[in-house]
Amino acid sequence: MADRDTLDEHDRDLIARADTFFLGTTHPTRGTDASHKGGAPGFVRIEDGELWWPDYAGNNLFTSLGNLTVDPAAALLFLDFATGRTLHLGGEATVEWLDPAAAPDEGGTGRRVRFRPRRVRGGRLGLREASPAG
């Protein structure tokens, strides 16, 4: 599939239903990192063509946030496990710091990540149901 620079209706629907995605970031001297981000469906919001999601409290390993502080390049991968549809986004991300009391839907951390897609590519995984042993 060819790259695009904007999200279409199907992309927005997949993102709105997602309860998980994978975030790829890089650091100029420490290398790359891929991490899982998850929440209830709808935890990734779309506003004016940009995405944002809360940085929920987790294992307190801030590799992704640290990487984005020195290099805003990021990649997101959304998967629809039922249909095999994939959505890969490349762009730039920034960490936004907020008053935790003013942003109750953000998990109380006072942090969220805003992502500006520059490259959008959809695809499909070759998922098949496992056949019974025999």
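**Exercise 1. The cavity lining**

Task: State which residues line the largest cavity, and sort them by class and by element.

Solution. Step 1. The lining of the largest cavity consists of Leu23, Lys37, Trp53, Asp55, Ser64, Leu65, Leu68 and Val113. A cavity here is a set of points on a 1 Å grid over the protein atoms alone where a 1.4 Å probe fits but cannot get out, and lining residues have an atom within 4 Å of a point. The model is predicted: local features need pLDDT of at least 70, side-chain atom pairs count only at pLDDT 80 or more, and totals for chains, interfaces and linings use all residues. Residues are numbered from 1 along each chain as its sequence is written, and side-chain values use heavy atoms, with hydrogens and water left out.

Step 1. By class, five lining residues are nonpolar, one is polar and two are charged. Nonpolar covers Ala, Val, Leu, Ile, Met, Phe, Trp, Tyr, Cys and Pro; charged covers Asp, Glu, Lys and Arg; the others, Gly among them, are polar.

Step 2. Helix H2 (residues 63–70) gives the largest share of this lining, three residues. Helices (H or I, at least four residues) and strands (E, at least two) are DSSP runs, numbered from the N terminus.

Step 3. The volume of the largest cavity is about 40 Å³, where a volume is the space filled by probe spheres set on the points, and grid points are joined across faces, edges and corners. The search of the whole structure finds one cavity of 30 Å³ or more.

**Exercise 2. The fold in outline**

Task: Give the order of the elements along the sequence and the overall burial of the protein.

Solution. Step 1. There are two helices and seven strands. Along the sequence they follow the pattern α-β-β-β-β-α-β-β-β.

Step 1. The protein has 134 residues, and 37% of them count as buried. Buried means under 20% relative accessible area, exposed over 50%, and partly exposed in between (1.4 Å probe, protein chains only).

Step 2. Take the contacts between residues at least 6 apart in sequence: 62% of them join residues at least 24 apart. Contact means heavy atoms within 4.5 Å.

**Exercise 3. Aromatic pairs**

Task: Classify the ring pairs Phe21 with Trp53 and Phe43 with Tyr56, and place their members in the chain.

Solution. Step 1. The whole structure holds four aromatic pairs. Rings of Phe, Tyr and Trp (its six-membered ring) pair if their centres lie within 6.5 Å; planes under 30 degrees apart are stacked, over 60 edge-to-face, and the rest tilted.

Step 1. The ring centres of Phe21 and Trp53 are 4.8 Å apart and their planes stand at 75 degrees, so this pair is edge-to-face. Phe21 belongs to strand S1 (residues 20–27) and Trp53 to strand S4 (residues 50–54), so the pair ties together parts 32 residues apart in sequence. Phe21 and Trp53 are both buried.

Step 2. For Phe43 and Tyr56 the centres are 6.3 Å apart and the planes at 40 degrees, so this pair is tilted. Phe43 sits in the loop between strand S2 (31–38) and strand S3 (45–47), and Tyr56 in the loop between S4 and H2, 13 residues apart. Phe43 is buried because its relative accessibility is 3%, whereas Tyr56, at 30%, is partly exposed.

Step 3. Ring pairs join Phe21, Phe43, Trp53, Tyr56 and Phe78 into a cluster.

**Exercise 4. Single residues**

Task: Describe the surroundings of Ser35, Asp48 and Pro28.

Solution. Step 1. Ser35 is in strand S2 and is buried, with a relative accessible area of 16%. Leaving aside neighbours within four places in sequence, Ser35 contacts Phe21, Phe22, Leu23 and Ser64.

Step 1. Asp48 lies in the loop between S3 and S4 and is exposed, with 85% relative accessibility. Most residues other than glycine have a negative phi. Asp48 is not a glycine, yet its phi is positive, about 55 degrees.

Step 2. Pro28, in the loop between S1 and S2, is exposed at 64% relative accessibility.

Notes:
On a 1 Å grid over the protein atoms alone, a cavity is a set of points where a 1.4 Å probe fits but cannot get out, and a pocket is an open set with protein on both sides within 12 Å along at least five of seven lines; lining residues have an atom within 4 Å of a point.
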